[in-house]
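This report describes a single protein chain for a computational reader.

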Amino acid sequence: MDQGNKSGVTEFILHGLSGSQELQLFYFVFFMLFYFSIVLGNLLIVLTVISEPALHTPMYFLLSNLSFIDVCLSTFATPKMIIDFLMEPKTISFEGCMAQIFFLHVFAGGEMMLLVAMAYDRYVAICRPLHYASIMSLRKCTSLVVGSWLIGVFHSVSQLIFTVNLPFCGPNKVDSFFCDLPLVIKLACTNTFTLEVLMLSDSGLMAMSSFVLLLISYTVILVTVRRRSSAGMAKARATLTAHITVVTLFFAPCIFIYAWPFSSLPVDKVLSIFYTVFTPLLNPLIYTLRNKEVISAMQKLRSRQKAIP
């Protein structure tokens with residue numbers, strides 16, 4: 001018996017994305033290519049921002065940190081999910097399950113705060129351009145990034161501290177491809193209503209409030225942009241529309257899963273794919289490949305690499 005969690009459960013069985021054996025090999029190849037694209041794309045952004053002095057600005061500093069946290073967010077569960085497509089049964093130890101919950105909330109919580117910081121950066125740049133340099137200093141940007149990580153850690157610890165001590169005595173089957181908090185706490189051999197309310201007030205409120213704050217920020221920015229007719233404002237309008245699309249795809253599944261934790265639906269595992277796999281790939285596509293400055297910097301980086309004998 002595992003004395004750490006006061007139960008007889010030492011491992012959990014993951015149902016995965018699908019029970020169809022015919023789809024396992026297809027999923028293995030598809031998500032492996034997807035994961036490699038996420039890692040390579042985001043690390044390329046980080047390397048490009050670091051190596052190109054012209055990109056040493058607050059916006060790109062925040063963008064490189066977003067790319068790094070996207071790599072982390074896609075790595076906490078995706079590699080195991082890919083391996084599990086070839087495994088049966090798909091098991092994970094109790095400690096591994098708790099680790100997945102911890103890192104999910106660290107990275108997801110940190111990304112939420114970082115997206116808010118990026119919206120604030122765009123607000124200052126567009127609505128208060130004359131004061132941008134003084135407001136968005138290196139010290140301010142560093143504080144925003146460090147604050148995002150600290151909030152993510154604090155948020156995760158507040159979720160896990162109650163979960164890790166729950167009594168798990170069976171069943172031990174999690175209907176997902178990773179240990180998601182709403183699904184795991186339902187397996188506890190006790191009344192978890194209070195814990196679900198705490199989760200609702202923590203994860204659900206955090207996701208909902210961040211999303212509303214982002215929508216308000218982008219609305220203010222778009223209203224400001226609409227009053228101006230320059231070519232730069234037209235570009236800003238197109239960029240902000242793309243940003244709102246990515247933000248919605250990230251927050252909507254989180255809100256659906258964590259703001260209504262009292263009922264588990266089969267669609268939850270599909271929604272989890274959006275913020276753990278799809279969004280980390282969309283971010284470099286939306287924030288980078290549409291940006292001429294970043295593309296130019298990547299071309300310079302590639303030219304320098306070719307020049308090295």
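## Terms and basis

Buried means under 20% relative accessible area, exposed means over 50%, and partly exposed lies in between (1.4 Å probe, protein chains only). The model is predicted: local features need pLDDT of at least 70, side-chain atom pairs count only at pLDDT 80 or more, and totals for chains, interfaces and linings use all residues. Residues are numbered from 1 along each chain as its sequence is written, and side-chain values use heavy atoms, with hydrogens and water left out.

## Overall architecture

The protein chain contains eleven helices and three strands. These elements are DSSP runs numbered from the N terminus, with helices (H or I) of at least four residues and strands (E) of at least two. Along the sequence their order is β-α-α-α-β-α-α-α-β-α-α-α-α-α.

Of the 309 residues in the protein chain, 49% count as buried. Contact means heavy atoms within 4.5 Å. Among contacts between residues at least 6 apart in sequence, 78% join residues at least 24 apart.

## Disulfides and other cysteines

A disulfide is a covalent bond between the sulfur atoms of two cysteines; here the criterion is a pair of cysteine sulfur atoms within 2.5 Å. The structure holds two disulfides, and their pattern is 1-3, 2-4, with bonded cysteines counted along the chain.

Cys97 is joined to Cys179 with an S to S distance of 2.1 Å. The torsion about this S-S bond of Cys97 and Cys179 is about -120°, so the disulfide is left-handed. Distant parts of the chain are linked by this pair, 82 residues apart: Cys97 belongs to helix H4 (residues 94–127), and Cys179 to the loop between strand S3 (173–174) and helix H7 (181–185). Both Cys97 and Cys179 are buried.

The other link joins Cys169 to Cys189, with an S to S distance of 1.8 Å. The link of Cys169 and Cys189 is also left-handed, with -130° about the S-S bond. This pair too connects distant parts of the chain, 20 residues apart: Cys169 is in the loop between helix H6 (138–163) and S3, and Cys189 in the loop between H7 and helix H8 (193–226). Cys169 is exposed because its relative accessible area is 54%, whereas Cys189, at 33%, counts as partly exposed. Elsewhere, Cys72 is buried at 15%, and Cys141 is buried at 1%.

## A cis peptide bond

Most peptide bonds are trans. The bond from Glu88 to Pro89 is cis, with omega near 0°. Pro89 is placed in the loop between helix H3 (78–84) and strand S2 (91–93).

## Packing around helix H4

How do H4 and H8 pack? Their angle is about 20°, with the axes 10 Å apart; axes are lines fitted to C-alpha atoms, for helices over the stretch in contact, and angles run from 0 to 180 degrees between N-to-C directions. H4 is therefore roughly parallel to H8, a term for angles under 35 degrees. Residues of H4 that meet H8 include His105, Met112 and Arg122, and those on the H8 side include Ser203, Leu213 and Val225. By class, this contact of H4 with H8 has 16 nonpolar, six polar and one charged residues; Ala, Val, Leu, Ile, Met, Phe, Trp, Tyr, Cys and Pro count as nonpolar, Asp, Glu, Lys and Arg as charged, and the others, Gly among them, as polar.

H4 and H6 pack at an angle of about 150°, and their axes are 7 Å apart. The contact of H4 with H6 comprises 16 nonpolar, nine polar and one charged residues.

Terms used
Parallel < 35°, antiparallel > 145°, perpendicular 65-115°, else oblique.
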